[in-house]
Amino acid sequence: MLATFFLMLREGLEAALIVGIIAAYLVKIERRDALPKVIAGVGAAVGLSVALGLLITFTIGKLPLVVQETLEGLAAVLAVGVLTWMLFWMRRQGRAIKGELEHGVDLALSIGSTRALVGLAFIAVIREGVETVLFLIPILSFNGTGIDVVAGGVLGLIISVVVGWAIFAAGVRVNLRRFFTVTGTVLIFVAAGLVAFAIAEFGEGGLIANTGTAFDLNRLLPDQGPLGSVLRGLFGYRSAPTPLELAGYFAYLIPVLFLFVIDRPIIRRTAVAS
Amino acid sequence: MPRTRRRGLRAGRAIGAFALASLAVAACSGSAASTAPATPVPSGVIAVEAAKDSAYSFTPSAITVAAGSVTFSVKNAGNEEHEFEVFKADGTTVVDEIEGLVPGLTKSLIVTLEPGTYQFMCKLNGHDQLGMKGTITVN
């Protein structure tokens, strides 16, 4: 029961994190009315994941490894792109709300921006959703599966949703600056983790050579174990990365963190004073 | 309550219900199968048990098979999640894999193997370093 619980939990956690942040952000910029679109996007992603999972299982049974790994890698790359865009766009919007930009900025969520946020929520859910369904179908349709195994899986999914809700509730409460700082930093780590993940998937698919082990913490903190899964979802932690994965992780993390962090108050104050 | 918020809540509930219904359909198709008796592994299929002899082992760990299309039926006899990954002789080039093998579950994998040696292992959480691996000799 515990195995399926953690299996479902780690699939759901990353999606829940991103959706929770998007929802909290919309509330904070006084755009609650866009929330139903996000919910609809999430619902569509869930429905599409179930449909795709069933389709794959009952037609070809299983995607060829190259196809599967390439698709997962591409989905991760797409997620990194949209996440990075969202990070800097959110930060710009946040500054406009605080009145820190000199010229007026149109605060209204343009149709394009709404679509991008809904699109990000959709991508986040469908990435994890299809894999979750492809894991769930054999478990649910196998005649040796006990009710405790199914219950563990359902509980894992429920806890993921609860975590997403908790992130939303907490994000709505904190002040705007802290919200952007914390969520922005977390999302940068998540995106860096996705870069490493994309490299791993392209490696498994045979598209690139991704061999060797930079370090191995599997005995101490396995990334598919209970605590490791959480760190993996939040910070892109990998217990035994290859040198290429490690390089990719930091090649994204360091420049983006730097660009995100150089927007310090002291720089703005200096600009205003001069 | 403003109209837009009511509409949003209704939409949200409808989508939630649809998602739950979809999962219920998947579950119902499963429960119908659960009343059928367990089918034995047909000949021509190689049965492998994970975590049977010890928590991190594959039984058998040395498999010999004829070249061509090979079907593995892997059962998780332990109490942790495992994987079954087939590699070429170098131990790094992936041929194919079974993921999400939770305790009690049996999953199949069909691979086309040419003559030579292959390795299989569970790399989840580094189980291969605890001995969860084996070799396949294809002739």
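Reader: Is A:Thr57 buried, partly exposed or exposed in this structure?

Author: The assignment rests on a count of neighbouring C-beta atoms, and in this predicted model A:Thr57 has 17 of them inside 10 Å. A residue needs 20 or more to be buried and 12 or fewer to be exposed, so A:Thr57 counts as partly exposed.

Reader: Where does A:Thr57 lie, and which residues does A:Thr57 touch?

Author: A:Thr57 belongs to helix H2 of chain A, which covers residues 35-58. Leaving aside residues up to four places away in sequence, A:Thr57 touches A:Leu134 and A:Ile137.

Reader: How many helices and strands does chain A have, and what percentage of its residues count as buried?

Author: Chain A has nine helices and zero strands, giving the pattern α-α-α-α-α-α-α-α-α along the sequence. Of its 274 residues, 45% count as buried. Where contacts join residues at least 6 apart in sequence, 84% of them link residues at least 24 apart.

Reader: Where does H1(A) bend, and what follows H1(A)?

Author: H1(A) bends by about 30 degrees at A:Gly12. After H1(A) comes A:Glu30, with a positive phi near 60 degrees.

Reader: Why is H1(A) described as largely enclosed?

Author: The description follows from burial: 24 of the 27 residues of H1(A) are buried, so the rest of the structure largely encloses this helix.

Reader: At what angle do the axes of H6(A) and H7(A) cross, and how is that angle to be read?

Author: The axes of helix H6 (residues 176-204) and helix H7 (residues 226-235) of chain A come within 6 Å and cross at roughly 100 degrees. Angles of 65 to 115 degrees count as roughly perpendicular, and H6(A) and H7(A) are therefore roughly perpendicular to each other.

Reader: Which residues meet where H6(A) and H7(A) are in contact?

Author: From H6(A) come A:Val186, A:Phe189, A:Val190 and A:Gly193, which meet A:Arg232, A:Leu234 and A:Phe235 of H7(A). The residues of this contact comprise five nonpolar, one polar and one charged.

Note on methods:
Residues are numbered from 1 along each chain as its sequence is written. Chains are lettered from A and ligands numbered from 1 in the order in which they are written. This is a predicted model: local features need pLDDT of at least 70, side-chain atom pairs count only at pLDDT 80 or more; totals for chains, interfaces and linings use all residues. Helices (H or I, at least four residues) and strands (E, at least two) are DSSP runs, numbered from the N terminus. Two residues are in contact if their C-beta atoms, placed from the backbone, lie within 7 Å. The bend at a residue is the angle between axes fitted to the seven residues ending there and the seven starting there. Axes are lines fitted to C-alpha atoms, for helices over the stretch in contact, and angles run from 0 to 180 degrees between N-to-C directions. Angles under 35 degrees count as roughly parallel, over 145 as roughly antiparallel, 65 to 115 as roughly perpendicular and the rest as oblique. Ala, Val, Leu, Ile, Met, Phe, Trp, Tyr, Cys and Pro count as nonpolar, Asp, Glu, Lys and Arg as charged, and the others, Gly among them, as polar.
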